[in-house]
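Here is my note on the model, point by point. Please keep the structure open while you read.

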Amino acid sequence: MNSKLAIGLFVAVIVLIGATMAAARPAYFSSFRQNYDITGTKLDSCNACHTSGGGSPRNPYGMAYSESGRDFASIGNLDSDNDGFTNLEEINGLTFPGDPNDYPQDISQTPSETAVNVTQQQNMTNLSDNDTGNTIAEIPVNNSIEAPKSPGFEVIFAVLGCLMITGLKKRYI
């Protein structure tokens, strides 16, 4: 009877761990697609944030994304892989921002801090002089799209697991 309890607990733990791991990842990738026009390119894969696809360790860009609170706008001007190009320049160049061996190959393109993509342009508000109509300043506006979070989602599985353990314990002990 104790072996049935052990097997039941083992299965419950495997299900709980697998369910919580699989629940979050598609939302982050979906958010990456929403922020950047990468559909159909080599960046349209989990390798944008991972070393060898989803489930593998995160690359420097993936770690920066996680450490930023999952905010793409805040890491755009960083150079996560230290190759001389900002993350945004690499994404615009359709190269992996987390791989130091993959960077924009156009020799005329040099690393700079002024590269702007459509997402950044949409996040800028122009202030203009009402008398002359000239632009006085551009102010960044944080309209970043964060990955949807599911607070409490993991709690459902934890409670379910506890109930299963309690039920098995009462039945077999």
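1. Layout. From the N terminus, the elements run α-α-α-α-α-β-β-α. That makes six helices and two strands in the protein. Helices (H or I, at least four residues) and strands (E, at least two) are DSSP runs, numbered from the N terminus.

2. Ground rules. This is a predicted model: local features need pLDDT of at least 70, side-chain atom pairs count only at pLDDT 80 or more, and totals for chains, interfaces and linings use all residues. Residues are numbered from 1 along each chain as its sequence is written, and side-chain values use heavy atoms, with hydrogens and water left out.

3. Overall figures. The protein has 173 residues, and 28% of them are buried. Buried means under 20% relative accessible area, exposed over 50%, and partly exposed in between (1.4 Å probe, protein chains only). The accessible surface comes to about 11,000 Å². Carbon and sulfur atoms hold 58% of that surface. Areas come from the Shrake-Rupley method with a 1.4 Å probe; for residues, only the protein chains shown count as cover. Among contacts with a separation of 6 or more, 44% join residues 24 or more positions apart. A contact means heavy atoms within 4.5 Å.

4. Core. The largest nonpolar core has 15 residues. Such a core is a set of buried Ala, Val, Leu, Ile, Met, Phe, Trp, Tyr and Cys residues joined through side-chain atoms within 4.5 Å. Phe32, Tyr36, Ile38, Tyr61, Phe72 and Ile91 have the most contacts inside this core. At least two core residues come from each of α1 (2–35), α2 (60–67), α3 (72–75) and α4 (87–92). The largest share, three residues, is from α2. Leaving out residues up to four places away in sequence, Phe32 touches Ile38, Leu43, Ala48, Tyr61, Phe72 and Ile91.

5. Aromatic pairs. How many aromatic pairs does a search of the whole structure find? It finds seven. Rings of Phe, Tyr and Trp (its six-membered ring) pair if their centres lie within 6.5 Å; planes under 30 degrees apart count as stacked, over 60 as edge-to-face and the rest as tilted. Tyr36 and Phe72 are edge-to-face, because their ring centres are 5.7 Å apart and their planes stand at 80 degrees. Tyr36 lies in the loop between α1 and α2 and Phe72 in helix α3, so this pair ties together parts 36 residues apart in sequence. Tyr36 counts as buried at 8% relative accessibility, and Phe72 does at 1%.

6. A stacked pair. Phe85 and Tyr103 stack at 5.9 Å centre to centre, with 10 degrees between the planes. Phe85 sits in the loop between α3 and α4, and Tyr103 in the loop between α4 and α5, 18 residues apart. Phe85 is buried at 7% relative accessibility. Tyr103 is partly exposed at 32%.

7. Ring cluster. Ring pairs join Tyr28, Phe32, Tyr36, Tyr61, Tyr65 and Phe72 into a cluster.

8. A buried loop residue. Is Thr95 buried or exposed? Thr95 is buried, at 6% relative accessible area. Thr95 lies in the loop between α4 and α5 (118–122). Beyond residues up to four places away in sequence, Thr95 touches Lys42, Leu43, Glu90, Asp102, Tyr103 and Pro104.
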